[in-house]
Amino acid sequence: TIKQSVREQLRLEAAWLQAQIQPHFLFNALSAVTALSDINLDKMRDLLYEFSNFLRNKFKFEDMDGLVPIETELSLVRSYLYIEKVRFEERLQVVWEIDDCEDVKIPFLTIQPLVENAIKHGVMNRIRGGEITIRISVQETHVEITVEDDGIGMDEDQIQRLLERKADSRSGVGLINTDQRLKRHFG
């Protein structure tokens with residue numbers, strides 16, 4: 001009964017995380033589609049394709065409490081970044097440094113929330129924008145996944161407050177949830 005209860009809690013937690021698409025992101029993506037309809041139909045079609053791919057991946061409900069191939073997560077991240085690059089143009093630069101990682105499995109929605117935070121709270125808090133680096137380094141005993149930005153940064157106190165915040169807090173939910181799920185899976 002306890003195991004079943006924990007599994008149900010994990011399933012609900014994952015579903016809740018999926019539902020955290022911010023309304024402004026949806027409105028901004030649709031506004032970008034509308035704007036492109038007058039100036040570049042090919043780019044508009046590409047944006048609609050990536051937007052539908054993002055939504056399709058974001059709302060996959062299979063094996064939400066287990067691990068998924070990293071490529072599933074990276075497909076979601078690529079679609080998300082495509083949409084944001086259309087919106088922010090030259091203000092958002094993305095660098096990919098990815099080792100061969102096809103056999104790697106991770107909890108779903110662990111990289112995308114970090115990328116979203118790096119954009120929203122890092123590089124887009126600067127007028128000129130900035131650069132995000134997504135690095136996946138496969139080691140003998142583990143995989144190191146890094147999402148790094150050259151945005152405004154955080155001091156040590158901010159980092160500690162963020163990591164100590166309770167999961168029921170209204171801010172920092174994506175980071176806290178990601179941290180908790182990674183610890184639950186990997187220690």
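Where is Asp99 found? Select it in this predicted model. Asp99 sits in the loop between strand S2 (92-98) and strand S3 (105-107).

**Stop 1: the charged patch**

Together, Asp99, Asp100, Glu102 and Asp103 form a negative surface patch. Now check the cover on Asp99. Its relative accessible area is 34%, so Asp99 counts as partly exposed. The patch rule asks for over 30% relative accessible area and no salt bridge.

**Stop 2: the aromatic pair**

Next, select Phe54 and Tyr80, and show their rings. The count here is one aromatic pair. Phe54 and Tyr80 form that pair, with 5.8 Å centre to centre and 40 degrees between the planes. The arrangement is tilted, as planes under 30 degrees apart would count as stacked and those over 60 as edge-to-face. Colour the two helices next. Phe54 lies in helix H3 (residues 41-58) and Tyr80 in helix H4 (residues 70-88), so the pair ties together parts that are 26 residues apart in sequence. Are these two residues buried or exposed? Both Phe54 and Tyr80 are buried.

**Stop 3: the loop at Ile127**

Move on to Ile127. Find it in the loop between helix H5 (112-122) and strand S4 (130-138). Ile127 has a relative accessible area of 83%, so this residue is exposed. The cut-off for exposed is over 50%.

Ile127 and Arg91 are 8.1 Å apart in space on that line. In sequence, Ile127 and Arg91 are 36 residues apart.

How values were computed:
Residues are numbered from 1 along each chain as its sequence is written. This is a predicted model: local features need pLDDT of at least 70, side-chain atom pairs count only at pLDDT 80 or more; totals for chains, interfaces and linings use all residues. Side-chain values use heavy atoms; hydrogens and water are left out. Patches are made of residues with over 30% relative accessible area and no salt bridge: like charges are joined within 9 Å, nonpolar side chains (Val, Leu, Ile, Met, Phe, Trp, Tyr) within 5 Å. Accessible areas come from the Shrake-Rupley method with a 1.4 Å probe; for residues, only the protein chains shown count as cover. A salt bridge is a side-chain nitrogen of Lys or Arg within 4 Å of a carboxyl oxygen of Asp or Glu. Lys and Arg count as positive and Asp and Glu as negative; His and the chain ends are not counted. The place of a charge is taken as NZ of Lys, CZ of Arg, CG of Asp or CD of Glu. Helices (H or I, at least four residues) and strands (E, at least two) are DSSP runs, numbered from the N terminus. Buried means under 20% relative accessible area, exposed over 50%, partly exposed in between (1.4 Å probe, protein chains only). Rings of Phe, Tyr and Trp (its six-membered ring) pair if their centres lie within 6.5 Å; planes under 30 degrees apart count as stacked, over 60 as edge-to-face and the rest as tilted.
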